[in-house]
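The entries follow the order in which I looked things up.

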Amino acid sequence: MRIIAGEWRGRRLFAPEGEATRPTSDRTRETLFSMLVSRLGSLEGLKAADLFAGSGALGLEALSRGCAHCLFVDSDAAAIRAIRRNIANMQAQSRSDVRASSALSLGPAREALDLVMLDPPYASGAGAVAIDKLARLGWIGPQTWVSLETTRDEGVAVKGFEIAAERTVGKAQLYLMRQSAT
């Protein structure tokens, strides 16, 4: 795995040891960020979160492309070690916050983020549950873009959210969502 674009383009990422984590493929990340950039124009200065972070590849890609700050959350100890190693390798400690906990256990937010990326275990339903809870806790607001990766055959519906775009990449399905206007 490598960073695809931006400041750290081509830099290697370390995956967590063991089989507990399924890193997002380079091709899937490339598709996701293409979808985001086509809607946002730029990630410059945005505040993001990489939830169910694994290696931290999504958050580090966002930082490489100009995000000002990223919150990385994962409950697996091997994942947290890999995230910290990758952040140190990019010298991105000042732009990163790493939390060893479940995305479902985050408390109330100080302010809504600009971008929330979720890559939960496939077929768990945890992504939809997390999006609903994070919206109620203020992490996700009307301006927030939410990306969710699932399996190709796993449908997604989150009350109060509309799907702005979706793409199939191999076995993965990518969704971009925002809160509904009503």
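This is a predicted model: local features need pLDDT of at least 70, side-chain atom pairs count only at pLDDT 80 or more; totals for chains, interfaces and linings use all residues.

I searched for cavities of 30 Å³ or more and got a count of 1. I listed the lining and found 10 residues, with Leu 32, Leu 58, Ser 147, Glu 149 and Leu 174 nearest the centre of the cavity. Two or more lining residues come from α1 and likewise from β5 (140-151).

Next I turned to open space and took the second largest pocket. I noted about 290 Å³ of space in it. Lys 47, Ala 48, His 69, Leu 71, Asp 97 and Arg 99 are part of the lining, as are Pro 108, Ala 109, Arg 110, Glu 111, Leu 113 and Trp 139. I assigned these to elements: β1 (47-51), β2 and β3 (96-100) each supply at least two residues of this lining.

I then looked at nonpolar packing. The largest nonpolar core has 31 residues, and I find that Phe 33, Leu 60, Leu 63 and Phe 72 touch the most other members. The elements giving two or more residues to this core are α1 (26-40), α2 (57-64), β2 (69-74), α3 (77-90), β4 (113-118), β6 (161-169) and β7 (172-179). Among the elements, α2 gives the largest share, 5 residues. I also recorded a second, separate core of 25 residues, which includes Ala 103, Leu 113, Leu 118 and Leu 148.

For Leu 60 I listed contacts, leaving out neighbours within four places in sequence. The partners are Ile 3, Trp 8, Leu 13, Ser 55, Phe 72, Asn 86, Ile 87 and Met 90.

How many residues of α2 are buried? I get 8 of the 8, so α2 is largely enclosed by the rest of the structure. The buried set includes Gly 59, Glu 61 and Ser 64 as well as Leu 58, Leu 60 and Leu 63. I checked what covers these residues, and the cover includes α1, β1, β2, α3, β3 and β4. After α2 comes Gly 66, for which I noted a positive phi near 115°.

Last, I looked at the rings. A search of the whole structure for aromatic pairs returned 0. I did find a charge placed over a ring: Arg 85 lies over the face of Phe 14, at 3.5 Å from the ring centre.

Definitions and conventions: Residues are numbered from 1 along each chain as its sequence is written. Side-chain values use heavy atoms; hydrogens and water are left out. Rings of Phe, Tyr and Trp (its six-membered ring) pair if their centres lie within 6.5 Å; planes under 30 degrees apart count as stacked, over 60 as edge-to-face and the rest as tilted. A charge sits over a ring if NZ of Lys or CZ of Arg is within 6 Å of the ring centre and within 35 degrees of the ring normal. A nonpolar core is a set of buried Ala, Val, Leu, Ile, Met, Phe, Trp, Tyr and Cys residues joined through side-chain atoms within 4.5 Å. Buried means under 20% relative accessible area, exposed over 50%, partly exposed in between (1.4 Å probe, protein chains only). Helices (H or I, at least four residues) and strands (E, at least two) are DSSP runs, numbered from the N terminus. Contact means heavy atoms within 4.5 Å. On a 1 Å grid over the protein atoms alone, a cavity is a set of points where a 1.4 Å probe fits but cannot get out, and a pocket is an open set with protein on both sides within 12 Å along at least five of seven lines; lining residues have an atom within 4 Å of a point. Grid points are joined across faces, edges and corners, and a volume is the space filled by probe spheres set on the points.
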